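Trainee: I'd like to take a close look at one residue and how it sits in its surroundings. Could you walk me through it?

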Amino acid sequence: MRVLVVEDEARLAAALRRGLQAEGFAVDVADNGQDGLEMARHGGYDALILDVMLPRLSGYRVVRQLRAERHWLPVLMLSAKDGEYDQADGLDCGADDYLTKPFSYVVLLARLRALMRRGGRERPAVLSHHGLELDPAERRVTVQGVEISLTTREYALLEYLMRHPGEVVSKTELLDHVWDAALDTAENAVEVYVGYLRRKIGRERLETVRGAGYRLAGG
């Protein structure tokens, strides 16, 4: 299995290389984000261990660019930034896991093996569907490149539909995943918010499948 380590701290990079090679991995190292991005694009790696704070190109930008280009190799981010928002930013950018420095090497190996078991399945950082784009990290939605403003509920409804492209999603499923399960919300609330959403994204983009639910058009 081939692993790319992108880390500008030379001693840590060397330690990771030695440790991973001792476990049987083939390891390449880059010491800046730009070289790391080029190697990740073309190197045929099975996983990427990626520092956040890098020269030339940050780890956040590297993983965003890979996902924008539909490269799905598993990414484990390393960072000295241990705040919950820092971790959320890394995961929202498209990373699969996030480990803060200093870290346990045993834990790093376990997480790396777990990522490799899951493999490089498609998981875009920005959701796209026939002219609609939704960026979960920035909570930004555009229609044909024009940004629109959505309420929290409208946004959650659209995100759920975009994560199930081409599928018919029932009112019950939407209530379970978009509304608070602890509240006794009537099904007509779904109809109301579907109407609100249609006015903002275009009526033709959100179909009603009679007796079944709703589906984004063009799936």
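Mentor: Gladly! Setting aside residues within four places of it in sequence, Asp 97 is in contact with Val 75, Leu 76, Met 77, Leu 91, Arg 111 and Leu 115. Keep in mind that this is a predicted model.

One of those partners deserves a second look. The side chain of Asp 97 makes a polar contact with the side chain of Arg 111, at 3.4 Å.

As for its place in the fold, Asp 97 belongs to strand 5, which covers residues 97-100. Is Asp 97 buried or exposed? Its relative accessible area is 18%, so Asp 97 counts as buried, the cut-off being under 20%.

Now let's step back to the whole protein chain. Of the 219 residues in the chain, 44% are buried, and Asp 97 is among the buried ones. If we take contacts between residues at least 6 apart in sequence, 57% of them join residues at least 24 apart.

For the overall dimensions, the C-alpha atoms fill a box of roughly 60 × 35 × 30 Å along the principal axes. The accessible surface of the chain comes to about 11,400 Å², with 47% of that belonging to carbon and sulfur atoms.

Finally, a word on charge: the chain carries 30 positive and 34 negative side chains, and the centres of these two sets lie 2 Å apart.

Conventions. Residues are numbered from 1 along each chain as its sequence is written. This is a predicted model: local features need pLDDT of at least 70, side-chain atom pairs count only at pLDDT 80 or more; totals for chains, interfaces and linings use all residues. Side-chain values use heavy atoms; hydrogens and water are left out. Helices (H or I, at least four residues) and strands (E, at least two) are DSSP runs, numbered from the N terminus. Buried means under 20% relative accessible area, exposed over 50%, partly exposed in between (1.4 Å probe, protein chains only). A polar contact is a pair of N or O atoms within 3.5 Å; within protein, one must be able to donate a hydrogen and the other to accept it, and residues adjacent in sequence count only if both atoms are side-chain atoms. Contact means heavy atoms within 4.5 Å. Accessible areas come from the Shrake-Rupley method with a 1.4 Å probe; for residues, only the protein chains shown count as cover. Lys and Arg count as positive and Asp and Glu as negative; His and the chain ends are not counted. The place of a charge is taken as NZ of Lys, CZ of Arg, CG of Asp or CD of Glu.
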